[in-house]
Amino acid sequence: MILVNLDVMMARRKISAGDLAERVGITPANLSILKNNKAKAIRFSTLEALCAALDCQPADLLQYTPDNKTE
Amino acid sequence: MWNKDKSITLSLFCVRLFAVILVGLCASAPWLFKRFTLIRFMVPQQMLSFFLVTVYAVAVPAALALWHLHGLLAEIRKNEVFTHANVARLRALSWCCLAAGLICLASTLYYMPFLALAAAGAFMALILRVVKNVFEQAVALKDENDFTI
């Protein structure tokens, strides 16, 4: 699965959720969905805005973790 | 000017009207079918009980269908159309139609014209099943869209 490490980058940049949501142009509720890994997809435009606001690369925000499925 | 809200209000009114008609039909069924059997030159004592069993048995899925329709329209009025609850309502509506159709089919044993109602009920059940499948897909798409940030 893809994990969104948004809270890690937010802590590094010392930026609050409300500020980031305002800078990116999304609602705090949607930012919370992203932060809590509830999102099913992310638009390139949102990713671009997040990277610009946090001064980072997409790889700093997204992380791939293999699913732990028992076969 | 005609708009969506008025259309839903009209639909809700029709559902409530049908509910009143259903209650009226159930209340007057003994008298109504006695008249019917007399007009159709049937033996009232033999046929009346059969007709009453059919009417009261069909009244149950009909009432349930009206209840689900009312719930569906109330949700649509709140702009909550593509929800899992509405899919469940459509599924229940489909089963109600099928149940009414099956009761009518069983009633053809004593009165053949019920076959038309049985076919209509089964066909409605099929249409509603297709609409339910469409709704199910729409709910999945809506979920995907809602969680695309």
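This note sets out numbered points on the structure shown above.

1. Basis of the model. The model is predicted, so local features need pLDDT of at least 70 and side-chain atom pairs count only at pLDDT 80 or more, while totals for chains, interfaces and linings use all residues. Residues are numbered from 1 along each chain as its sequence is written, chains are lettered from A and ligands numbered from 1 in the order in which they are written, and side-chain values use heavy atoms, with hydrogens and water left out.

2. Cysteines. A disulfide is a covalent bond between the sulfur atoms of two cysteines. The structure holds zero disulfides over all chains, a disulfide being counted as a pair of cysteine sulfur atoms within 2.5 Å. The sulfur of A:Cys51 has its closest cysteine sulfur in A:Cys56, at 4.5 Å, which is too far for a bond. B:Cys14 is likewise in no disulfide, with the nearest cysteine sulfur, that of B:Cys97, 16 Å away. A:Cys51 is buried, at a relative accessible area of 11%, whereas B:Cys14 is partly exposed, at 31%. Here buried means under 20% relative accessible area, exposed over 50%, and partly exposed in between (1.4 Å probe, protein chains only).

3. A:Ala53 is buried, with a relative accessible area of 19%. A:Ala53 touches A:Leu20, A:Arg23 and A:Val24, residues up to four places away in sequence not being counted; contact means heavy atoms within 4.5 Å. The C-alpha atoms of A:Ala53 and A:Arg13 are separated by 9.5 Å, although the two residues are 40 residues apart along the chain.

4. Contact between the chains. Chain A contributes 11 residues to the contact and chain B six residues. Between them the two chains bury about 770 Å², 60% of it on carbon and sulfur atoms. Buried area is the accessible area (1.4 Å probe) that two parts lose on being put together, summed over both. Of the area that chain A buries against chain B, 61% is supplied by A:Lys40, A:Ala41 and A:Arg43, more than by any other three residues.
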